[in-house]
Amino acid sequence: GSPRYIAPERAHNGVATLESDLWSLGATLYEAVEGRAPYTRETTLATLVALATEKPDSVERAGALKPVLTGLLQKNPKNRMRLHEVEERLRRIAHVQNAVRLHQVPPQRNTPKQSPARAVPVEAAPSIPDPPRPDSPVPAVPLTPIATSGSPRRRRWALVAGGAATAAAVVAGTVTYSLSGATPPWAEADQTRTVGAFPNDSTAVSAPGATPVITAATLPAGFTWYASKSGFHIAWPATWTKVRESKSSVTLSAPGGPPLVSVREWARSDPDLSAALKREETAARLRNYKRLRMEVTPQQDSGEWEFTFTDPKMGALHAIDRAVVRLGRAYLIQYRTPAAKWLQNLARFQVIADTFRGALGPVEAQDAIPAGFVRYRSASGFQVAAPAKWTKIEETRTSVLYCAPGGPPLLGVRAWAPANTDLAAALVREEELAKLPGYRRINMAVLPDRRGAVWEYTFTDPKMGRLHGLERAFLTSNNRAYLVQWRTPLDKWNDNLGKLGVVTSSFHVTAIPGRTVG
């Protein structure tokens, strides 16, 4: 999603396609031979505006790569060079090195401290600033230059020819995996890198155990810091106003209406981010809703849900909800902008989201029970937090059922003997056995770690009326299975999501008292 390499249509609607990836390949090759991106402007916003309204900058040094760059950087995806032709041309160029020549490239300069190996300095990317805090800054770790050998001309030939060969191999591999329907082996690595797109903590750690590096830079012009009473910080446009504020949340709006941004501490409904975001999606009930993407990092520390919908007062809107988990706390950064102005407002959202810093204060221990809840321990070993005012109406050695005063919501937990080792198939069997009147499935999905699953639905109970139900399956590390069952009146689903989150996050199983096994 970097503005320097993103395709115009993806910047507009957020949807990645084969054609948009080809644009990004073209932009990368362009910078490799021209020394700059096809749209190089002073600010991110200017880059995005140029991307939407102007042709790519002309090429001067591309040589035999010029037709490839021109073909890949076509604004209309239908006119973009096709995969098979890109592969064929890149292979041909890679096999004929002297067909690719760089002209008028200034020779590399030595600095007085540079070694005879002519080290190429690595330029550090602009850093996002930290908000004012009493913390003592940690000195940044210096970047190590990359050393190369040989004459500048030979090195340039090797870089360009090698780059063309590598690009040809990547394109060829993409063709193979696209045709077979399989996921390219580099796809997961790319998803892992998206963690870097969400730098919401006050420290940036390059590797496990590495020394945190606290950045310090000037905020972009026109932005100022906002500090919440609960401890999180975020940069926002200085001309915007606060339209709503509490101890743990804030909503900010541009003068006269959207775009607007809301930041809040998030009582997520599930410890799994993908499941929690889907609960938010279900609860939103947006008019003319269309999901564009929903992505969660493998580390379960960040996620993004992008979508469009129609607001009764503000019209067609384009939105992103960014989920962030830091130091045991979860947050939602919610951004809304008129759909027609998505592109021109994208850079502003990036500044807002990337400057977010979570609270640094202590958090409750993982096994602590929030106020208003009590811990329940079953004879068979599972533990869960239940609302303190709810009544236990049924209990066996392997199950328990709680009810709120006067009726639903209901909470049930029971040991489960799945009918199938495949969790999805096992839940389908539960669905068949339930035979619920007025039943409608909302969602059924196995979670990415394969150790849990979610089945969400609505149905009509003869006595309690229309209910919204959820079955959350857990597989423990010793391969025991449990179902957490949740029922709430349809019109109170949203109000009870926070309680559901406490229940699912607190559930665990012990083999013997004091020893957690799953």
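A residue counts as buried here when its relative accessible area is under 20%. That cut-off returns throughout this report, which describes a predicted model.

## The chain as a whole

The protein chain has 518 residues, and 43% of them count as buried. It holds eleven helices and 20 strands. Take the contacts in the chain with a separation of 6 or more: residues 24 or more positions apart account for 50% of them.

## An enclosed strand

Start with strand β2, residues 233–237. Five of its five residues are buried, so β2 is largely enclosed by the rest of the structure. Its partner is strand β1, residues 223–227. Five bridges join the two, and they run antiparallel. Within this pair, W225 stands opposite A235 of β2. The hairpin of β1 and β2 has five residues between the strands. There G231 takes a positive phi near 115°.

## A covered helix

Helix α8 spans residues 273–284. Its twelve residues reach 16 Å from the first C-alpha to the last, close to the 16 Å expected at 1.5 Å a residue. The helix is mostly covered, with ten of the twelve residues buried. Just after α8 comes R285, with a positive phi of about 50°.

In general, strands of a sheet pair through backbone hydrogen bonds, either parallel or antiparallel. Two pairings in this sheet can be followed residue by residue. Strand β13, residues 399–403, runs antiparallel to β14, and five bridges join them. Here L401 stands opposite G412 in β14. The hairpin of β13 and β14 has six residues between the strands. One of the residues in this hairpin, G406, takes a positive phi near 85°.

On to the next pairing. Strand β14 (residues 410–415) and strand β18 (residues 481–489) are also antiparallel, joined by six bridges. V413 has V484 as its bridge partner in β18. L410 has R487 as its partner there.

The facing residues named so far can be set side by side.

| Residue | Facing residue | Strand of the facing residue |
|---|---|---|
| W225 | A235 | β2 |
| L401 | G412 | β14 |
| V413 | V484 | β18 |
| L410 | R487 | β18 |

## A helix against the sheet

Helix α10 covers residues 423–434. Its twelve residues reach 16 Å from first C-alpha to last, close to the 16 Å expected at 1.5 Å a residue. Which residues of α10 are buried? They are L423, A426, L427, E430 and E431. These residues cover an arc of only 150° around the axis, which puts them on the same side of α10. What do they pack against? The buried residues of α10 pack against β14, β15, β16 (452–461), β17 (465–475) and β18.

Both ends of the helix have a feature to look for. At the start of α10, a side-chain oxygen of D422 reaches to within 3.0 Å of the backbone nitrogen of A424. After the helix comes K435, whose phi is positive, near 50°.

## A buried glutamate in the sheet

E471 lies in strand β17. Is E471 buried or exposed? Its relative accessibility is 2%, so E471 counts as buried, since the cut-off is under 20%.

Its surroundings can be listed. Leaving out residues up to four places away in sequence, E471 touches A453, V454, W455, Y457, L483, V484, Q485 and R487. Two of these names have come up already: V484 is the bridge partner of V413, and R487 is that of L410. With Q485, the side chain of E471 makes a polar contact of 2.9 Å. M444 is 27 residues from E471 in sequence, and their C-alpha atoms are 9.3 Å apart in space.

Note on methods. Residues are numbered from 1 along each chain as its sequence is written. This is a predicted model: local features need pLDDT of at least 70, side-chain atom pairs count only at pLDDT 80 or more; totals for chains, interfaces and linings use all residues. Side-chain values use heavy atoms; hydrogens and water are left out. Two strands pair if DSSP finds at least two bridges between them. Helices (H or I, at least four residues) and strands (E, at least two) are DSSP runs, numbered from the N terminus. The expected span of a helix is 1.5 Å times one less than its number of residues. Buried means under 20% relative accessible area, exposed over 50%, partly exposed in between (1.4 Å probe, protein chains only). The arc is that of the directions from the helix axis to the C-beta atoms. Contact means heavy atoms within 4.5 Å. A polar contact is a pair of N or O atoms within 3.5 Å; within protein, one must be able to donate a hydrogen and the other to accept it, and residues adjacent in sequence count only if both atoms are side-chain atoms.
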